[in-house]
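Hi everyone, thanks for coming.

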Amino acid sequence: MATEHFDVLIVGAGLSGIGAGYHLQTQSPDRSYVILEGREAIGGTWDLFRYPGIRSDSDMYTLGYSFKPWTEAKAIADGPSILKYVRETARDYGIDKHIRYGHQVKAASWSSEDARWTVEAVQGGKMVRITANFLFLCGGYYSYEGGYTPDFPGVDKFKGKLVHPQKWPEDLDYAGKQVVVIGSGATAVTLVPAMANTAGHVTMLQRSPTYVVSRPAEDAMANKLRKWLPAKLAYSIIRWRNVLFGMWFFRLARTKPAQVKQNIIDMVRAQLGPDYDVGKHFTPNYNPWDQRLCLVPDADLFEAINAKTASVVTDHIETFTPTGIKLKSGEELKADIIVSATGLRLEVLNGIKFTVDGRAIDASQTLGYKGMMYDGVPNLASSFGYTNASWTLKCDLTCEYVCRVLNHMSRTGTRQATPRNDDPTIGQEPWLDFSSGYVQRAMEKFPKQGSRAPWKLHQNYARDLMSLRYAKIEDGVLEFSNPKPAVVKVREKVAA
Ligand SMILES: Cc1cc2nc3c(=O)[nH]c(=O)nc-3n(C[C@H](O)[C@H](O)[C@H](O)COP(=O)(O)OP(=O)(O)OC[C@H]3O[C@@H](n4cnc5c(N)ncnc54)[C@H](O)[C@@H]3O)c2cc1C
């Protein structure tokens, strides 16, 4: 059977993959494309995670697409509403017709002679091959096989239920039960108040505290503006306001960390009262934005603590026991259910093995170009969002840039676009500079970023806007070329 061919092959039908489909069909409409999705569903993260209270931790005016206004009342939205938004986008723009479900991409090999990728995907236990001129990775950043659970001592002794939020049992009944949630990240602070509504008691057990900031779930100004202005205009105003506020706040955290730290802690103290030990439970030993800040809508976590349906314990696990957890301090936490909200396992380049002209690519040895292409790897881009702002802000820009590159190739009749670093003074730095455990565990396997543009990852929307939407495509680093097709070479040989 002939191998199917597309101009562009997108990996993943989550928020990024659907966005990529939209940008391709509107900005590079002459290109055919297919989306290969490993699961049987659209939506990625927002379909996979089903734990109680699942929600965004950034606002939907920036987590939503630039081209599709978020029109629901809540800015910090629940998982099902986000999934509905992604599905609607795919359906309304006919992107869903391009998706092939149950295709897990395993390998991709580039041939310069043919100027195309041969992509291998497993579908129903069989290997399927598809070729494409350009490969766009939109498969997110973590493994879908399972989250990270540390080797807890004595875990086998525990007689209750141990669950990981990434694989939430649909029938888990926690009403009236004693629950311990291990962790202090975004998932833990979401789960604790949501479970506390019906559980007997929920304890958040953390080794060390995280910065927690409360914001209203609804954005009053956005909801008012939507009544007065056309949806698109209102959306774009609020999106820009939130982008600018986020950039200002991040900069302030970097330039005046002590002041920002104090303000956050004062806000927590105002929520929990003077008698609560905010120093122990909500005062991290790192600066704001050295790790991702945790957002709680309408102070729900603090309300649960005040209502005594939830509590925070800052301590280390000595061992699991048949009835719960014994802590290093000697205290014991009784538990019917323990939730290990201990994070994700990061995945490099969507878990795909790459070769370029027969040479295996070691991701950890490559340098990222503009945070989306890779030194010496032709016609490959990946969508990797911000760590200090909404993911989609960067992905929208990445998609725009991919379309600019494709359109430039059409105009110039070139078939290959390859970033090449021949500047020996460019230093190498880790892809992400977050101190969180789940990031640190994975960084050695990730590509590196360079010390200067265009190899530097700025985590800054304004700089990326300039670099991806407005900067010249021909920058002397992204090389456009036209390797001779194999058939031409054979003809030349014959003629000689
Ligand atoms: C619980 C949770 C909450 C989050 N909240 C926020 C938030 O509020 N704001 C924010 O900015 N970010 C948040 N994030 C990060 C979030 O993942 C992104 O915002 C966004 O959803 C990522 O979209 P994506 O399409 O890039 O990746 P995903 O949502 O991970 O989707 C990737 C898709 O690609 C598929 N795929 C992956 N590899 C392959 C392969 N090799 N072959 C075929 N298919 C493949 C997967 O099956 C999946 O469907 C959150 C993450 C989690 C886990």
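Let's start with helix α1, where the buried residues (under 20% relative accessible area, with a 1.4 Å probe and protein chains only) are Leu15, Ser16, Gly17, Ile18, Gly19, Ala20, Gly21, Tyr22, His23 and Leu24. That's 10 of its 13 residues, so α1 is largely enclosed by the rest of the structure. Helices here are DSSP runs of H or I with at least four residues, and strands are E runs of at least two, numbered from the N terminus.

Before I go on: this is a predicted model, with local features needing pLDDT of at least 70 and side-chain atom pairs pLDDT 80 or more, while totals for chains, interfaces and linings use all residues. Residues are numbered from 1 along each chain as written, and side-chain values use heavy atoms, leaving out hydrogens and water.

Next, the sheet. It's open, with five strands in the order β7-β16-β8-β9-β12 and parallel pairing; pairing takes at least two DSSP bridges between two strands. β7 pairs with β16 (residues 337–340) over three bridges, and lysine 161 has isoleucine 337 as its bridge partner in β16.

Finally, which residues of α7 meet α8? They're Phe249, Leu252, Ala253, Arg254 and Thr255, in contact (heavy atoms within 4.5 Å) with Pro257, Val260 and Ile264 of α8. The two helices are therefore roughly perpendicular, a label for angles of 65 to 115 degrees.

Conventions. Buried means under 20% relative accessible area, exposed over 50%, partly exposed in between (1.4 Å probe, protein chains only). Angles under 35 degrees count as roughly parallel, over 145 as roughly antiparallel, 65 to 115 as roughly perpendicular and the rest as oblique.
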